[in-house]
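Here is a friendly tour of the charged side chains in this model. Have a look at the sequence and structure first, and then we will go through the pairs together.

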Amino acid sequence: MLAECYHHLLEHKKEFQIDVATLNLLESTMSGWTTEMMQSVDEYKEDMVGVLKKEGGRCQDLVDRMSYWDQWSWFVLNSSGEKFEREWNVVKSGSGDDVNAVEGKLGDIVRESSDSIATKARTQGQAVIEYLGKRPAITNQSLIGSVTAASRFEDIRNALSSKMMTCIKQDILSNYDSIREEQDMKSSLKQTIVASGCIHVGALTSGVCTALEVLDLTMGCISTSMLVYLGIAITPYQNKQTASKVESAWEECSQALVESMDAMHRKEMARIQRRIMDGVAPYTRHVKTEKERVEGLMRLCDDCQLVVHSTLYALCQDRRIGMNY
């Protein structure tokens, strides 16, 4: 009788191996899907970084279109800086630079990414249900789960959009001060052109002194040449440093945004995966429970057979001893 029970359990276990293999495949598939979704999210984050990088390059755009005479007339001949402000507004309008414009550009990417993630999550949930419904297994179809339960992702879009915009506001918009950025850039460019002008005045003074033979001809020519070269070279160098400073500030903001987005997306992807798996929880729970039950009964049969064999062996030994007497 124990042998028949064990044989029956063994057959039942073999039939259930299909469901066990299906469950393992499902878990592996969900892990791969999550990895694929994170790669898709990385592409949207690169788009955001591209927007911020473009904003950080506006100062370099201004420097590239600004000649030495432009810089001199903007900050020395026009001490109020009105010409600089007009040119800066032209550059900003060309890139759409404004706190609202930056927020709008990032908001477009956020909406697109959240729509994509929610749609793919819903599709994956339905695909899981459909796959389990067509599997070659013995488990009752009513144990699979519900498409409605697995596809209840209407709030994912809003939740992702809200959390991503929160990251943007905390890491970018709250730290961005367009007035301070403009004033710092204006001050740096003005200091550069004034320093260059002072060096050129020194070169002119050195040349005059050399011409009046106040300075030695050789030393005067060398000092004049060096001052002229320094006055010319310092302007593009310092302008580049100013542009690099602005660009670095935006890069720091984009790095902070990427880090906070990474942490948020990992949590959301795990939550979406749990939601999909919750949709098929009746099936997965039944398979795991039945597998444990069958394996437990088989261990119990093994123990019973071992006890029976041990008892029969002991009886045989006692009978032999009795026959010898």
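Glu55, Arg58, Lys105 and Glu181 are linked in a network of salt bridges (a salt bridge is a side-chain nitrogen of Lys or Arg within 4 Å of a carboxyl oxygen of Asp or Glu). This is a predicted model, where local features need pLDDT of at least 70 and side-chain atom pairs count only at pLDDT 80 or more, while totals for chains, interfaces and linings use all residues. Residues are numbered from 1 along each chain as its sequence is written, and side-chain values use heavy atoms, with hydrogens and water left out.

Searching the whole structure gives 11 salt bridges, including these:

| Pair | Closest N to O distance |
|---|---|
| Lys105 and Glu55 | 3.3 Å |
| Glu268 and Lys163 | 2.5 Å |

Lys105 sits in helix 5 (residues 99–133) and Glu55 in helix 1 (residues 2–56), so their bridge ties together parts 50 residues apart in sequence. Helices here are DSSP runs (H or I, at least four residues), numbered from the N terminus. Glu55 is buried at 0% relative accessibility, whereas Lys105 is partly exposed at 27%; buried means under 20% relative accessible area, exposed over 50%, and partly exposed in between (1.4 Å probe, protein chains only).

Asp108 and Arg111 both belong to helix 5, 3 residues apart, or about one turn of the helix. Asp108 is partly exposed at 44%, and Arg111 is partly exposed at 45%.

Finally, Glu268 forms a salt bridge with Lys163. Glu268 lies in helix 9 (residues 217–279) and Lys163 in helix 7 (residues 154–171), so this pair joins parts 105 residues apart in sequence. Glu268 is buried at 3%, while Lys163 is partly exposed at 36%.

Definitions and conventions: Helix = DSSP H or I, 4+ residues; strand = E, 2+ residues; numbered from the N terminus.
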